[in-house]
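Me: I would like to learn how to read salt bridges in a protein model, and I would be glad to be taken through it step by step.

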Amino acid sequence: MKLTKTRVEALPTPSTGQAFYWDWEDVPNGFGVRVTISGARSYILQKRVDGKSKRITLGVHGDITCNEAKLRASEEMLLFSRGTTSTIEKKRVKKLSVTLREVTIDYCANRRTKKGGKLTAMTIRDITRHLNSNFGDWADKPIVNITSEMCRDRFKEISIRSPAQANQAFRILRALINYSIDEENPRFNPVKTLSKKGLWNPNNSKSGSIPLEKIGIVWNMLQERRRSPAMLPVAQTGADITLFILLTGCRWSEAAQLTWDCVKADSWHVADPKNHNPVSFPIYPILRALLDARPRIEGNPYVFPGRRKADFLKDARAAMDEVSKLAGRHLTHHDLRRTFIAIGIKLGIEMWKLKLLTNHVSKGDVTIDHYTETNDLRYLADEAGQIAGWIAGQGAKEYQQL
């Protein structure tokens, strides 16, 4: 039939499901009206594209007229001839307008690790920090507008301040852009220009650790900071968490987010570490003394509380600045982890035990994979205590030499 306003309104309502009525005159085959059991009438266009049937709703009768629907059908037919539809085009335009901040929010909420776990709070914090600092002026603009030239110039700018931070910032940006790319929205990741041009900064951080001959003076300095009445509580906490990491070889996030309910008489527990291997570490006398001296803050569950109520410590830069001065090189808390391993090697402790104590369990180590307990490490209390005792002993030697 020729569809008109009067005829559309006179179409019978089906007793079940829905009925379709097609117009054979004004537009190519495929324009029609769908009538549902409730009496609702919608204009549609249905065509085969690349061997597949596609149906598009043009509008509800009453919201648009029959003539307006026919005009929309003609426009859709033109898009069909180009292998697309208005719906596909709207999605494409929407994707092109997504901002870097929107991608970041989605990434932090929904990105999963290789083992299916959520991103850690520390990882999300790093991503957010770089978004707001290094990419603040890009954050609310479409992510597709980021070009290779912009990446190259911004990378060089950040590298002047901190080569390591430049590397980290652009690895994060690369991951965010990759996350925004899909089969329907293919595009070149502009961060790849850093590899093509050989611009990445050399990574020398893995060689960082406290020289073993300076362990004693570092230990004594941190003891003085944590006990000095001149220090603010947050500075004393910074010294304590730095000592804790030095004594245990743990990651910053594992120490910072440690809560009192995870501290037992002879162990402390990490439920969701970076490698998603829940583990209980041993507590030995020197570590026990450090924990017993920590004040408990009402309303704050963390062993190392931050400035805000019910929050954990976000950084201990002041303590690490002093460690770096004494060590004669720039160090981070992750370098304390390497220091712990270096001390263990010096004391002749087997590497597989040091890997377990630092929760650096990796696939492919037959001994660890098949023959070793990896979740309850209290049986390594002697080895961990041996490392802690050596550290404290170096501090005592330094005092004797004064």
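Predicted model: local features only at pLDDT ≥ 70, side-chain atom pairs only at ≥ 80, totals over all residues.

Reply: Residues are numbered from 1 along each chain as its sequence is written, and side-chain values use heavy atoms, with hydrogens and water left out.

Me: How many salt bridges does a search of the whole structure find?

Reply: Side chains of opposite charge can pair when their charged atoms come close. A salt bridge here is a side-chain nitrogen of Lys or Arg within 4 Å of a carboxyl oxygen of Asp or Glu, and the search of the whole structure finds 19.

Me: Where do D335 and R338 lie in relation to each other?

Reply: Helices are DSSP runs of H or I with at least four residues, numbered from the N terminus. D335 and R338 are three residues apart in helix α14 (residues 333-346), so about one helical turn separates them, and the closest N and O atoms of their salt bridge are 2.5 Å apart.

Me: Is D335 buried or exposed?

Reply: Buried means under 20% relative accessible area, exposed over 50%, and partly exposed in between (1.4 Å probe, protein chains only). D335 is buried at 4%, whereas R338 is partly exposed at 21%.

Definitions and conventions
Helix = DSSP H or I, 4+ residues; strand = E, 2+ residues; numbered from the N terminus.
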